[in-house]
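This report is intended for a reader who is meeting the structure for the first time. Please keep the sequence and the model in view while reading.

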Amino acid sequence: MNMKPCKELFFVFFKIGAFTFGGGYAMIPFIKREVVDGKKWLTSEEMFDIIAIAESTPGPLAVNSATFVGSRIAGLKGALAATMGVVLPSFLVILCISQLLLQIEDFQIVKDAFQGIRAGVIVLIGSALISLFHRLHKGAFTAAILIAAFLLTYFFNINTIFTLVFCGLSGIIWNHYSKRGKGR
Amino acid sequence: MIYLRLFWEFFKIGMFTFGGGYAMLPLIQQTVTQNHWITEKQMIDFIAVSESTPGPLAVNMSTYIGMRTAGVGGALCATFGVVFPSFVIILLISGCYHKFQNSSIIKSVMAGLQPAVVALIAAALLSASRSVFDMGDLFAEDNLISAVIVLSAGFLCYKKKPPIIVIGMSALVGMLFGMLV
């Protein structure tokens, strides 16, 4: 099999992995520029499809799109090359940084900096939460799930995976009965 | 065995993270605190590091937690674990994704999952806030500094500044108060 597309996939996704900060949706414009505008591996519509699929399949968006593009271009080998490419830069960078952090984390100035950073991170999580909330379809079912999932996790300490499975199943049951109601 | 344990726990995280990014936070929080791998404070610190280094949050967090727990081997197992489920699932559906996209079952499941993820992040946020703010003594010095940072970071987020700016500002204010107080 021709190895050239695999090499190219690896390097393009290596670049995407090495130069996008923040992950997730921050990566979309960069992936689009490389894969749609640059290499013309996908059309814009296919790119939108990938985002939609990545939203309803588990795992990080970057990994999902790398695997998808890789497998479309060069099958299993392409998927492996692209996924390795997108993961490798952060893997290497974090290996180095975690060693560095071990060396410096006991200095007072680093402790002070992280004391401040923790408050900043709370705000980052809060602002991600607000934008996710605004994207929800509003309705009785959504409100019920929001309240139920929050109570289960925060007050009853129920396992997160159990809560997710429960809410996914509730979605199926709700849709089944609300459709039947409309049919009558 | 720690390597298998890391792989399995991060496999579950990769399998049940829908939406990417902060959606995995509740799962990571539960996993690391139950296994005593890192403290909640270390986890929050590392979210900041993940936001300031390239690459997806999920890969950064799993590499870091694996490394802290069991060295380079641990980092490999955790990262492999978090990537594996999405890799296999995308490979399986990449041939027939139109069918997958239009499936009413998938849409129903997502209708339940999306609000659940929002609720789970809200719960994770509350628990993280409790490890940043000292609830016993609300007017403690550290709480006041944190409150100043929360307000200014909130303003930066509102102005749509990138996370790395928010983190840089928070670090600076933290160091400044550390030197003054």
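## Basis of the report

The structure described here is a predicted model.

## Contact between chain A and chain B

Between the two chains, 78 residues of chain A are in contact with 88 residues of chain B. On the side of chain A that touches chain B, the elements giving two or more residues are helix 1 (4-19), helix 3 (44-56), helix 4 (61-104), helix 5 (108-134), helix 6 (140-155) and helix 7 (160-183) of chain A. Helix 5 of chain A gives the most to this side, with 22 residues.

The side of chain A that touches chain B can also be described by residue class. It has 45 nonpolar residues, 28 polar residues and five charged residues.

## Domains of chain B

The domain assignment divides chain B into domain 1 (2-132) and domain 2 (135-181). Taken over C-alpha atoms, the centres of domain 1 and domain 2 of chain B are separated by 26 Å.

Five residues of domain 1 of chain B are in contact with five residues of domain 2 of chain B. On the side of domain 1 that touches domain 2, helix 3 and helix 6 (104-132) of chain B each supply at least two residues. Helix 3 of chain B provides the largest share of that side, namely three residues. By class, the side of domain 1 of chain B that touches domain 2 has two nonpolar, one polar and two charged residues.

## Loop residues with a positive phi

In chain A, the residue A:K40 lies in the loop between helix 2 (28-38) and helix 3 of that chain. Although A:K40 is not a glycine, it has a positive phi of about 55°. Is A:K40 buried or exposed? A:K40 is exposed, because it has 8 other C-beta atoms within 10 Å, and a residue counts as exposed if that number is 12 or fewer.

In chain B, the residue B:H36 is found in the loop between helix 2 (25-35) and helix 3 (40-52) of chain B. B:H36 is not a glycine, yet it has a positive phi of about 55°. How many C-beta neighbours does B:H36 have inside 10 Å? There are 8 such neighbours, and B:H36 therefore counts as exposed.

Conventions: Residues numbered from 1 in each chain as written. Chains lettered and ligands numbered in written order. Predicted model: local features only at pLDDT ≥ 70, side-chain atom pairs only at ≥ 80, totals over all residues. Contact = placed C-beta atoms within 7 Å. Helix = DSSP H or I, 4+ residues; strand = E, 2+ residues; numbered from the N terminus. Nonpolar A, V, L, I, M, F, W, Y, C, P; charged D, E, K, R; others polar. Buried ≥ 20, exposed ≤ 12 C-beta atoms within 10 Å, placed from the backbone. Domains from an automatic or database assignment.
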